[in-house]
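Subject: Structure for you to look at

Hello,

Here is the structure I promised to pass on. Please open it first, then read the notes below.

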Amino acid sequence: MSTATAPVSSSDSKKTLRNAVIRFAGNSQDGIQSIGGFLARLAGRTAQEVMTYMTIPSTISGGPSIFQVHLGSGEVLTAGDEADVLVAFYQHSYDSHFTALRQGGICLYDSGEVKEIKHEKGVFHIGIPFTAATVEAIGGSAKDRGKNMFVLGLIVSVFNLDKEKLVGIISRQFGKKDESVLRNALLAFDAGYAYQIGDIEKFALAPGEADSGHRISTDGNQMLSLGLLAAGVRYGAAYPITPWSSIMETLRSELPKYGGIFVQAEDELAAVSMAIGEAFAGHLAMTGSSGPGLSLKMEALGYASMAELPLIVVNVQRGGPSTGLPTSVEQSDLMQAIYGSHGDTPRFVLAPKDVEDCFYIALEAGRIARKYSSPVIILSDQALSSRIEAFEEPDLDKHWVEPTLDQTPRDAEWKPYRLDKTTQHAPPGTKMAGGKYPHISGLEHDEWGHPSGNAKMHQQMTNKRRQKLLDAAAEFAAPEVHGDATGDALIIAWGSAWGPAKEACDRLRSEGHKVSAANIRHLHPLPNKLDGVLAGFKNVVCVEMNDFGAYGHGQLAMLLRAKYADPKIKSVCKTDGLAFRVREIVTGVEKHLAAGQA
Amino acid sequence: MSTAVATPEAPAAAAAPVVEKLTKKALTADHPTWCPGCGDFAVLAMFYRVLEKLNIPQEKIVVVAGIGCSSRFPYFMNTHSLHFIHGRALPLATGVSLSRPDVHVFVFGGDGDGFSIGGNHLNHAARKNIKLTYIIMDNFVYGLTKNQTSPTTPIGRKSKTDPTGAIDRPINPMKQLLASGATFIARTHAAQVKHMEEIFTRAIQHDGFSVVECLSECVMFYPGAFDDSWPKKGGVWETIDETQHDVTDDVAAFKLADNLAPGKFGVYYQVDRPTKNALEQKWIDDTQAKLGGTSQKDLLKKRFEAMR
């Protein structure tokens, strides 16, 4: 983001910025996430764009942790490659994150903790006794508590942010708690705000350009949870696992208000089985997990394809394989999501492109699950799960789906697995006019659900189940293309890789390259309309956070190569557990472009 | 949930109290695939009879099973039924039971499905006291896969996986269920029709997680397994005298289960404890009472407003 800090105007003593990237580095118990959270919310309320990024240790009692906030008055697509400001709470935070600071950036550090500073890159260092000043402000035995609020006050002062609005947000957040909590928070905040930093240039963010409608700011797991509620999900079951858990926590607490139940199951196998039971009972049900949990659910997910039951399955991907990197981001579960069960198990796979889209992808998953009576997997990822973005509040009058339970008596012609129709089950409680009741079966079956080993029947039922994918591929919208419809390269990205991919596309275009970018939300089946999109480009570069494996291509690139048998499809892959930096994508695409010309 | 959801037949039933009599004929579906002489036939016949007697509306009966010979049960029932994967019938049935308080959920399965691959689920369905009835047709052997040792196979019994005789200690179903927290635990025998009828009836009428171990002979791979409790074959049939055994006393029940070869038959344990179904419903009711009738859509709108 080094270009972004160029001043727009210098009419007064403050430099006006279009973007600012601030990185807070400390330990997870210092409350640096809440500093970031407050700034993100403020950005949302001042029509600015925001994106956050955090790393959390997977240990319980804390450890080094960062929270990065990217505030911008225009579109913000990534959490920022480089920080303009680094706030270091400890020596180890300083040492680890100094490199993330841009040339000529500002470092605010706790002078009680950080003793050795580097004189490099023209960084402007300001030592402030965060801890001592906070203790002085709050008094008593406050110790470390509250220093996050002190730092928040400092930042508001340095960037000349809307103090009044922020105090409102803080008051609402802490107002629910003990009165002294809010008082101490505001004392620390005011002390930070009033702290005389001395000889430093202060900044001001340009006014936000986002639509002035109601804007909200939250993370991907929250939006996914609320999207499921809006989609009509009232029943579900799951087992705790990082980074999925906060979705089940939200649904467990929220569903009673909506008359529903979310069950904490004894294990992943039970969780998916309970959700399938709820689906069989006639509801739009869901389960979810992260990597290892999805592996455990695979047998039952195959059953849901075979028995043709509607089910939403959320997989918040994390670093694999095995236990892997529980708190890091990766997109290496795509193949498993599509093909992970034994046998031919047609099912749908979707991926949200950003935090806002987590809401809409849940609606789309609900629509597909109902329409095709099939399992639908939503592939979110760790980056989307925890980062905060600000965006337009969804219009519930437009999107709300009322849950239904269709127990209308079925006539004598009705059968659960008719070969000439997409299955729509009759749940328990439904009277069968013909007197014959349906069997739901994981054995290959005839139209009534009776076991059948008949060769012809197996082929016909396989065709019937596959047909759902073919119908959906024809129905799905063309992927969104950013840029021109033709050119030298089309960057394709899915999930959280979309933000940096889009920004990389802009950067390449500004350098004169004929490059566009497309996001794919429907990963399986791929929309038929994708054919026309790819046809306009000499190269197609898939940007994915997974390994290029034995054949040199990432997982989506492998699928595209299988579908199109076209060597113009290439990969930019990485698995370092971190979100893509824009320059990593730029470099990767440039390499492919150069190779193409050679 | 039941309020938000259309239940078209409910008001109609109230207006016209015509109760159809449930018959064995209506309940009968495919002819069972079991071997001639299999104990499971008697269990199926008895289940038809008990359902007829209790006259549960046919469309409200749900039969679920996992994998195994006995787990083919759903195909032989002309009711809403589901044949699931190995060992997971209980969690699936839990999903049905919790989300549909208006239906009656029955689970059938064998000793491998229930005590081995599905063992963990048995413990948790029991402690949560899920409202359903689970009948374990225990034959002490894996029959569908043709004679391997099961978790209830006695020590010394030869099978294809224990050619010199089983060496692993079998589980004691009664003790395991007591420790798990099941609220109705009973034991019966497929050859004792009257006893089976009484136990099935009581199990179905119990408001909670009711589980019955029903010894059911595999004539193909373990013939004679239960002769020791079958008077016709020279065995001793001994039932639990409930004037002597307090069924609410778990310690007494545990002692009673000390020797199950052949042991006693009847109700080992039965207590009233709130079901998870009731506890979840209470949470829903208490939560909704505080909301003052706000519509569900408005609830979510308010939630978004708080995020501005």
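Start between the chains: in strand E2 of chain B, B:Leu82 is the bridge partner of A:Ile440. E17(A) and E2(B) (residues 80-83) pair in the parallel sense over 3 bridges. Pairing requires at least two DSSP bridges between two strands. Strands (E, at least two residues) and helices (H or I, at least four) are DSSP runs, numbered from the N terminus.

Two notes on the source. This is a predicted model, where local features need pLDDT of at least 70, side-chain atom pairs count only at pLDDT 80 or more, and totals for chains, interfaces and linings use all residues. Residues are numbered from 1 along each chain as its sequence is written, with chains lettered from A and ligands numbered from 1 in the order in which they are written.

**The interface**

Chain A gives 60 residues to the contact and chain B gives 53. Contact means C-beta atoms, placed from the backbone, within 7 Å. On the chain A side, H9(A) supplies the largest share, 9 residues. That side has 31 nonpolar, 18 polar and 11 charged residues. Classes: Ala, Val, Leu, Ile, Met, Phe, Trp, Tyr, Cys and Pro are nonpolar; Asp, Glu, Lys and Arg are charged; the others, Gly among them, are polar.

**Chain B**

H4(B) (residues 89-99) packs on H6(B) (residues 119-128) at about 35°, with axes 8 Å apart. B:Leu90, B:Pro91 and B:Thr94 of H4(B) meet B:His121, B:Leu122 and B:Ala125 of H6(B). Axes are lines fitted to C-alpha atoms, for helices over the stretch in contact; angles run from 0 to 180 degrees between N-to-C directions.

**The sheet in chain A**

Five strands form an open, mixed sheet in the order E18-E20-E19-E22-E23. E18 (480-482) and E23 (569-573) stand at the edges with a single partner strand each, so one side of each has no neighbour in the sheet. E18(A) runs antiparallel to E20(A) (residues 515-519), joined by 3 bridges. There, A:His482 has A:Ala517 as its bridge partner. H16(A) packs on this sheet, touching E18, E19, E20 and E22 of chain A; its direction makes about 165° with that of E20(A).

H16(A) covers residues 498-510. Its buried residues include A:Trp498, A:Ala501, A:Cys505 and A:Leu508. Buried means 20 or more other C-beta atoms, placed from the backbone, within 10 Å of the residue's own. A:Gly512 follows H16(A), with a positive phi near 100°.

Best wishes

Definitions and conventions. Contact = placed C-beta atoms within 7 Å. Expected span 1.5 Å × (residues − 1). Buried ≥ 20, exposed ≤ 12 C-beta atoms within 10 Å, placed from the backbone.
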